Amino acid sequence: MTSENQYSVASQDPMVAAFENGMLLVYPTEAVMGIGCDPDSESAVLALLAIKQRPIEKGVILVAANYSQLLPYVNDNAIRPDMRTEIFSSWPGPNTWLLPKSTSAPMWLTGKHDKIAVRVSNHPTVRAMCETLGKPVVSTSANLTGQPPARTLDEAKAIFADSVLYVEGSVGESSKPSTIRDGETGDIIRA
């Protein structure tokens, strides 16, 4: 199969088509259902923030299948050498790190912050989704701000109805969302 044919097959995937057209995706993560979109689409991220009623200033998390997918958004050279082992040995897993943002990381991802929140997931559906899409996905809990996050597809459908594309799969075994830590200090921001 030529690469042109592979692209043609991939672009017929409903998830890929939805993602490329700025639609929101709802998918299972380690602990809850997540909702996300293409991090490079300002309109998709703004739609995500609007549907969740989340202020842009807070920023969002990017989830990826591997660290190299995050490199366009992270200033890798600015990560403290003494923190690198701690950060990279925590992945893949439910650990989100606030890392120095790259000069090209857009404000719609970082909000008012000089760091970007990133995670390399160990959830098989998330990993497969990011591998298929070839890039990280904006990832936030599938809920309205201040409400409990959905833990099943049916709960997510009760919130978002037909306004999103649903990616099949089961939520992982974690009882709480990912831990968020500062990549400069190691401090825990959210346990």
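**A close look at charged pairs**

Tutor: Start with E184, which is partly exposed, its relative accessible area being 41%. On this scale, buried means under 20% relative accessible area, exposed means over 50%, and partly exposed lies in between, with a 1.4 Å probe and protein chains only. The model is predicted, so local features need pLDDT of at least 70 and side-chain atom pairs count only at pLDDT 80 or more, while totals for chains, interfaces and linings use all residues. Residues are numbered from 1 along each chain as its sequence is written, and side-chain values use heavy atoms, with hydrogens and water left out.

The partner of E184 is K115, and their closest N and O atoms are 3.2 Å apart, which makes a salt bridge (a side-chain nitrogen of Lys or Arg within 4 Å of a carboxyl oxygen of Asp or Glu). This pair links distant parts of the chain: K115 belongs to strand β5, and E184 sits in the loop between β8 (179-182) and β9 (188-190), 69 residues apart. Helices (H or I, at least four residues) and strands (E, at least two) are DSSP runs, numbered from the N terminus.

Within it, the side chains of D40 and K135 meet at 2.5 Å, N to O. D40 lies in the loop between β2 and α3 (42-52) and K135 in the loop between α6 (124-133) and β6 (137-141), so this pair ties together parts 95 residues apart in sequence. D40 is partly exposed, with 41% relative accessible area, whereas K135 counts as buried at 17%.

The structure holds eight salt bridges. Another of them joins R119 to E30, at 3.3 Å from N to O. R119 is in strand β5 (residues 115-120) and E30 in the loop between β1 (25-28) and β2 (33-36), so the bridge ties together parts that are 89 residues apart in sequence. Both R119 and E30 are buried.

Now the cysteines. A disulfide is a covalent bond between the sulfur atoms of two cysteines. The cut-off used here is a pair of cysteine sulfur atoms within 2.5 Å, and a search of the whole structure finds zero disulfides. For C37, the closest cysteine sulfur is in C130, 12 Å away, so it is too far for a bond. C37 is buried, with a relative accessible area of 0%, and C130 is buried at 0%.
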